[in-house]
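Me: I'm new to reading protein models. Could you walk me through this one, feature by feature?

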Amino acid sequence: MIQTEAATPGVKVEEKLFFNRYLVDAGRPHIKVLPHETPSKALLSLTYTCPAGCYALNDKGQVEITADGCMECGTCRVVTAKTGEVVWNYPRGGFGVLYKFG
Amino acid sequence: MVDEHFDAIVIGAGPSGNAAAYTMAKEGLKVLQLERGEYPGSKNVQGAILYADALEKIIPDFREDAPLERHVIEQRMWTMDDKSFVGMQYRSEDFNEEKPNRYTIIRAQFDKWFSRKVREAGAIVLCETTVTELLRNAKGKVIGVRTDRNSERVMADVVVLAEGVNGLVGHRSGLRPELQPETVALAVKEMHFLPREVIESRFNLKGDEGVVIEAMGTITKGMTGTGFLYTNQESISVGIGCIVSDFAENGGITPYGLLEAFKNHPSIKPLLADSECKEYASHLIPEGGYNAMPELFGDGWIIVGDAGQFVNAVHREGSNLAMTTGRLAAETIVRLKRRREEFSKVNLAAYRARLDETFVMKDMKKYRKIPGYLHNNRHVFNLYPKLFTGAAQSWFRVDGKDKLTKEKEIFTSFRKNRSLIGLVGDAFKLARAWR
């Protein structure tokens, strides 16, 4: 039961991420979701807990990630630590988010 | 680099890592500091308040060239419902002192400055380098690290893990358990820019005076968490954070939605009017306190800062604990080095003894029951703020009703919503957790 939009109407995280600077390690995403039939409750929750909105449901009801806007906070790692559905690493040195203010 | 051997390797260039690297390098140790960001600070997020006392003990004259924003002369604590807040505030001319006690800072700028000091003290700081694992000898003693630069190995007598809240290296090396969603908070924050005159008139400030607002209540939609708003010279840091498990179990509230609602609260919105947002950031905060702390040292390794859960969630202190633990770990290492003693678990226990003597462990221990209290008492964030603001409105609105009736109504509202036993119980549990 995902109510992301109903719970926060009109808030587009993409517009917020647009302020940030990133050096994307093209073709080498630092976070991966393992193949699954049905996502666990924990994995499903990432579609609204991720502060960068990196996680979304596909047509088959599986959770997918686009890590380009990732701020490397680690929330998804902590939430799915028990289920092991997310493989999480820091980006290679120098890549990823570059905070100007932090 | 491969063939070189260092006295100490420090993983991470945040406040704890910088404090440790600076202290050791200044005492002549051969120090290598590894940072995964392009520059120190590029991955670091904080509100941010700098506590002068902790930094003074490391760099006494830091005020001469550190990038400081405003010194804090006023603290506002707000308990909020959807339309109002009941506040407590403290402002004093005493905070306009020669050496102010707290400053707002912008971390990316501050961390660059601190890192420059570390390099000037003689440490080698290598950025864009992520540590992937700790290296151990046959006896299990940590003897160096492997990095993601061609899987290079670098050796050292001791490794200081100042890697921050996620503690990935320590966890993957089996030194510490995984973080729990119940004991870590997710905070999101925006930087809003305004001309400094506007900030000064809006917050009743002159010169470099600053105000901080800490807020709790229905702004976190029943989740355990707080909001904040800090004045910088030409910007305002505004953010909100809640325990990760609360976000995950609360059925669809997004962190950015929560932040947007906080910014649009009628008491916050005018403070941010006409500002330009230039950055959106997120970070985890270790909030588990004393009971969630991992082992802090072992054969050849020592943990400092957020990686060791050194955050006083009640007082919103963290960077001072980070700097102090970094300094105490470094002083322990320097002393052992001078005496040519081994960096064994037994010898590094001196670090723990130093921590116990200072405010660090005393405060961590004092509040050890608070995380559990808050976790099991959501009324603190939802019901009580509404009762307080309702009482305030009833008390201050002049509407022909006599005061005795108003008093009775306020008392009844508390009793009806939380029963006498509940009220007394909450107060008793809080008092016990606070001791």
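Me: Where in chain B is Lys221(B) found?

Reply: First, some ground rules: this is a predicted model, where local features need pLDDT of at least 70, side-chain atom pairs count only at pLDDT 80 or more, and totals for chains, interfaces and linings use all residues. Residues are numbered from 1 along each chain as its sequence is written, while chains are lettered from A and ligands numbered from 1 in the order in which they are written. Helices (H or I, at least four residues) and strands (E, at least two) are DSSP runs, numbered from the N terminus. With that, Lys221(B) is found in the loop between strand 12 (209-217) and strand 13 (225-231) of chain B.

Me: What is the phi of Lys221(B)?

Reply: Phi of Lys221(B) is near 50 degrees, a positive value in a residue other than glycine. Ser151(B) is another residue to look at: its phi is near 55 degrees, again positive in a non-glycine residue. You'll find Ser151(B) in the loop between strand 9 (142-147) and strand 10 (153-161) of chain B.

Me: Is Ser151(B) buried or exposed?

Reply: The idea is to count neighbours: a residue is buried if 20 or more other C-beta atoms lie within 10 Å of its own, exposed if 12 or fewer, and partly exposed in between, with C-beta atoms placed from the backbone. Ser151(B) has 9 other C-beta atoms within 10 Å, so it is exposed. Lys221(B) has 18 C-beta neighbours inside 10 Å, so it counts as partly exposed.

Me: How do I read a strand, then? How many residues of strand 13 of chain B are buried?

Reply: In a regular strand the side chains alternate between the two faces of the sheet. Here, seven of the seven residues of strand 13 of chain B are buried, so the strand is largely enclosed by the rest of the structure.

Me: In which sense do strand 12 and strand 13 of chain B pair?

Reply: Two strands pair if DSSP finds at least two bridges between them. Strand 12 and strand 13 of chain B pair in the antiparallel sense over four bridges, and Val212(B) stands opposite Tyr230(B) of strand 13. On to strand 14 (residues 235-243) of chain B: strand 13 pairs with strand 14 in the antiparallel sense too, over seven bridges. There, Thr231(B) has Ile236(B) as its bridge partner, and a hairpin through three residues joins the two strands.

Me: What about strand 8 and strand 9 of chain B: how many residues lie between them in their hairpin?

Reply: Five residues lie between them, and Gly140(B) in the turn has a positive phi of about 90 degrees. Strand 8 (residues 131-136) pairs with strand 9 in the antiparallel sense over five bridges. Among the paired residues, Arg136(B) has Val142(B) as its bridge partner.

Me: Now helices. At what angle do helix 9 and helix 10 of chain B pack?

Reply: Axes are lines fitted to C-alpha atoms, for helices over the stretch in contact, and angles run from 0 to 180 degrees between N-to-C directions. Helix 9 (residues 319-338) and helix 10 (residues 345-357) of chain B pack at about 145 degrees, with their axes 9 Å apart.

Me: Which residues of helix 9 of chain B make that contact?

Reply: An α-helix has 3.6 residues a turn, so residues three or four places apart point the same way. Contact means C-beta atoms, placed from the backbone, within 7 Å. Helix 9 of chain B uses Thr325(B), Leu328(B), Ala329(B), Thr332(B) and Leu336(B), and the residues from helix 10 include Tyr351(B) and Leu355(B).

Me: And a buried helix? How many residues of helix 7 of chain B are buried?

Reply: Helix 7 (residues 255-263) of chain B is mostly covered, with nine of its nine residues buried. Among them are Tyr256(B), Leu259(B) and Phe262(B).

Me: Last one: how many residues of chain A are in contact with chain B?

Reply: 38 residues of chain A are in contact with 45 residues of chain B.

Technical notes
Two residues are in contact if their C-beta atoms, placed from the backbone, lie within 7 Å.
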